[in-house]
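Biologist: I'd like to learn how to read a fold like this one. Could you walk me through a few features?

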Amino acid sequence: MTYIPHTEEDIKKMLATLGLDSVDQLFSDIPDSLQLQTPLNLPLPLSEPELLKKLTHIAEKNELIPPERNFLGAGAYRHYIPLVVDQIISRSEFYTAYTPYQPEISQGTLQAIYEFQSLICLLTDMEVANASMYDGASAAAEAALMALRIARRQKILVSDGLHPSYQTVLKTYLKYQDVTVQPLALDDTGADSYDQLSEQLDGDTAALVVQYPNFFGVVEDLVPLAEVLHKNRALLIVVVTEPIALGILKPPGAMAADIVVGEGQSFGIPLQYGGPYVGFFASRKKYVRQMPGRIVGETLDVDGCRGFVLTLSTREQHIRREKATSNICTNQGLCALAATITMAILGKKGLRTLAETNLAKSEYAKSKLQSYPEITIPLSGPTFNEFVIETPHDGNLVHEHLHQNNILGGMPLSQTHPALVNRLLLSVTEMNTKPEIDRLARVIADYH
């Protein structure tokens, strides 16, 4: 294959075959008013060395903050990605694979998706998982729609601890569904208010959507919430944006969650300007026919050999639209594969070690920050690798001060919660070193 797709001879043969005299005649059906009448304003061609020099000059304008100075989380986390992940997903069998409609020629893709589902079930302690979703936010919205179908009710309670962007997506999905969406406040510790939940529950409540750990990093016991919901025949939907936490925290399935969804970006997927990421979706087996998307199952072929096939495909592309559970038309295959490889090579012990490292570094950062009188931790609830700090100053100004010191210093919470002017949401992972954590605390405390 050459760099030039069509020679002049190729073009002449094509035109002769079509009975045309010029390439322009290929576009004769397009009205003149819609055709460009002047040449494109493009620069002159460059040689390869000239082009590389120009692109390098442009790239040098980028601001590069070292990973160890990145303390921004809020639903997207910088973790180390083992080199083997890119090595495997770069195989052409994977990165060129499309939707596995024909199982007889798609066994590798189907098995990879099956392993993804199996690992998600182990991670969340749930009974069944689907073949992945677009991202965590759309998975949360699909979970709410699923709960409405199961409960046959028209009200969803949404924790104030759910990521604001997830809340926006959820409300967009439900906007024309004649559904009431009510917020559930947090208490002083940063956890969901059990008392308010008891007051807001009624016969029309289909489910409560909570995040674990929540947007502010707080971890709470979900069992009391599940108990009061189930007494009212409502479902508990748990959203996980930082799945590394499940390496050390009690999984939602062990706390009676009915549906567990989340974002798999932490498993081997780079931040890459916000996407593509990969959502996951797990449920109790009794609700499997109400799940969106598709499920890959394991079976035996006519020779008794292990094989894989799409077992449930309840999306509108496969069945009548009125019977479909969603219009999800992707398995995010390559991202799901990256997450699968990462979970598999970490294993149970590796994931726990990684989670413990994140927790230890986060706790060190909290203690270091609190050693300065200007910095406080306003929420008393336990956290994993993300937490809120408060200073006497506007969070946006503190953030800018950190930026000037080449530190990506968390998220000013006034961006999503206008009343929280002096608060920053910080994330600490295994990528952050002790010297950089110390530097972060010192630069924040020095701001006046």
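Predicted model: local features only at pLDDT ≥ 70, side-chain atom pairs only at ≥ 80, totals over all residues.

Modeller: Residues are numbered from 1 along each chain as its sequence is written, and side-chain values use heavy atoms, with hydrogens and water left out.

Biologist: In what order do the seven strands of the open sheet run?

Modeller: Strands of a sheet pair through backbone hydrogen bonds, either parallel or antiparallel. Here the order is 1-7-6-5-4-2-3, with mixed pairing. Strands (E, at least two residues) and helices (H or I, at least four) are DSSP runs numbered from the N terminus, and two strands pair if DSSP finds at least two bridges between them. Strand 1 (128–129) and strand 3 (180–184) are the edges, each pairing on one side only. Strand 3 runs parallel to strand 2 (residues 155–159), joined by five bridges; Ser 159 has Leu 184 as its bridge partner.

Biologist: Which strands does helix 5 touch?

Modeller: Contact means heavy atoms within 4.5 Å. Helix 5 (residues 107–124) packs on the sheet against strand 1, strand 6 and strand 7.

Biologist: And strand 12, how does it pair, and is it enclosed or open?

Modeller: Strand 12 pairs antiparallel with strand 10 (residues 386–390) over five bridges, and Glu 390 stands opposite Arg 423. Strand 11 (residues 411–412) also pairs antiparallel with strand 12, over two bridges, with Met 411 opposite Leu 425. Buried means under 20% relative accessible area (1.4 Å probe, protein chains only), exposed over 50%, and partly exposed in between. Four of the five residues of strand 12 (residues 423–427) are buried, so that strand is largely enclosed by the rest of the structure.

Biologist: Is Ser 266 buried or exposed?

Modeller: Ser 266 counts as buried, at 5% relative accessibility. This serine is in the loop between strand 6 (259–263) and strand 7 (279–283). Leaving aside neighbours within four places in sequence, Ser 266 contacts Tyr 77, His 79, Glu 242, Pro 243 and Ile 244.

Biologist: At what angle do helix 11 and helix 12 pack?

Modeller: Axes are lines fitted to C-alpha atoms, for helices over the stretch in contact, and angles run from 0 to 180 degrees between N-to-C directions. Helix 11 (residues 395–404) and helix 12 (residues 434–446) pack at about 125 degrees, axes 10 Å apart. The contact is made by Val 398, His 401 and Leu 402 of helix 11 with Leu 440, Val 443 and Ile 444 of helix 12.
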